[in-house]
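Open your viewer and keep the selection tool handy. We will go stop by stop, with a note on what to select at each.

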Amino acid sequence: MKILAIETSCDETAIAILECEGDEKDARFRVLGNTLLSQIDIHRKYGGVFPALAKREHAKNLVPILEAALEEAELLHEDSQVIPEETRAKISEILAREPGLTEAFFEFVSECERPAIDVIAVTAGPGLEPALWVGINFAKALALLWEKPLVAVNHMEGHILSALAYSKDNTLTINNVALPVLALLISGGHTELVLMKEWLKYELIGQTRDDAVGEAFDKVARMLGLPYPGGPEISRLAEDARRENVENPYVLPRPMIDSGTCDFSFAGLKTAVLYMLKDKPDLSAKEKQHLAHEFENTVAEVLWKKTAQALEETGAQTLVIGGGVSANTHIRRTFGANIAQEYPDVTLRIPAASLTTDNAIMIALAGFYRASRKEFVTDITANGNLSLAKKP
Ligand code: KG4
Ligand code: ZN
């Protein structure tokens, strides 16, 4: 099964084409084409993602990256096409709210043979709704024109599955997954612990009561005068501080660490940094390093403590970390060392660095399982708050 997957939930426009084989117990994926355009440079001057701008950029980027992905997959064959008037009218209606996309779309598809793909998968949520809609409408237009079935993907399921996949001989494989799986999902919009007792069935074990952990990284970075996105910047300063190995004068609170629940809170931590900076508005470069170091240590400690509690409560056999913040070196290292020491029977799976932040490969992985279950849809609505799991 060849899947073409589209991701536009936030500030990355991405399309991937994967050849998928096997079944739910043992699936293999070969990446035939993978393209991604990051808008980080555009949003940086606003200090965060600006939804209207993200929407406009997705609309501009989708056709060029579709062409690039098809070309890379050797599925692009030029040939002029006659598009029936009725189809053209329906597609114009679907794309009516995406300025500029309609013309680019028709220009491209009028010169391109229907490619040999089997399914189109697209992110339906969670994310920024104006951004999600662009990808969804584009997917619907392609599915209509090329007469391909469509599946809607939950972005967070993509993060979990890309963490479960391991890479060998240019192939991603998902097999031998010991259930239950506990997933710690940490990104710009999410911080949650989700349990998968049965394959692709989810239960919410804990979540943030306020800010997401990536959001805390980004906000603290902004307070320290660092550019967006702040996660990698904080991480870089903290690693410098660790290398120098001098005593850190700062101590931050560990929010909710002894609350007895698997819920998180990061707003208090952010406020604690804000108060510290009020007392000391002109931090030196060294002091910033130390503060970044203490902040990152605090986050890693809280994430680990809550995850360990969830492991105890659920008896999970596999632990997965997914989402943009799982790129963080210190968090990866902390979890690796603690699992080896305290839970040697639990398998830890963390995505390859290239799959941690948003991409379309992860959407194709989730799309494969949804298509295998024949969960095809004719219409999709963007849902910014789409959730994977409810509290049991
Ligand atoms: O999953 P993702 O790419 O987008 C969302 O779905 O939100 O996550 C983006 C978040 C941002 O907040 C960014 O600062 C954070 O992931 N991030 C990191 C690192 N790389 C990205 N946070 C900490 N350390 C990193 N190395
Ligand atoms: Zn994400």
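Select Gly231 and ligand 1: how far does a backbone N or O atom of Gly231 lie from an oxygen atom of ligand 1? The distance is 3.1 Å, a polar contact (a pair of N or O atoms within 3.5 Å).

Before moving on, some ground rules. This is a predicted model in which local features need pLDDT of at least 70 and side-chain atom pairs count only at pLDDT 80 or more, while totals for chains, interfaces and linings use all residues. Residues are numbered from 1 along each chain as its sequence is written, chains are lettered from A and ligands numbered from 1 in the order in which they are written, and side-chain values use heavy atoms, leaving out hydrogens and water.

**Around ligand 1**

Then pick Gly324, where a backbone N or O atom is 2.9 Å from a ligand 1 oxygen. On its own, ligand 1 exposes 560 Å², and the protein buries 88% of that (Shrake-Rupley areas, 1.4 Å probe).

Next, show the whole shell, meaning residues with a heavy atom within 4 Å. Ligand 1 is surrounded by 18 residues, with Asp218, Asn328 and Asp358 among the closest. By class, five are nonpolar, 11 polar and two charged; here Ala, Val, Leu, Ile, Met, Phe, Trp, Tyr, Cys and Pro count as nonpolar, Asp, Glu, Lys and Arg as charged, and the others, Gly among them, as polar.

Colour helix 7 (213–223) now. Helix 7 gives the largest share of this shell, three residues. Helix 6 (155–164) and helix 8 (230–244) are also elements that give two or more. Helices here are DSSP runs of H or I with at least four residues, strands runs of E with at least two.

**The zinc ion**

Select ligand 2. Its protein donors are His155 (NE2), His159 (NE2) and Asp358 (OD), at 2.1 to 2.2 Å; donors are N, O and S atoms within 2.8 Å of the metal (3.2 Å for Na, K and Ca), and with water not among the atoms, sites may look incomplete. Along the chain the donors are spaced H-x3-H-x198-D. His155 in helix 6 and Asp358, in the loop between strand 12 (347–349) and helix 12 (361–372), are 203 residues apart.

**Backbone stops**

Go to Pro180, in the loop between strand 7 (171–175) and strand 8 (181–186). A cis peptide bond joins Leu179 to Pro180, with omega about -5°.

Methods
A polar contact is a pair of N or O atoms within 3.5 Å; within protein, one must be able to donate a hydrogen and the other to accept it, and residues adjacent in sequence count only if both atoms are side-chain atoms.
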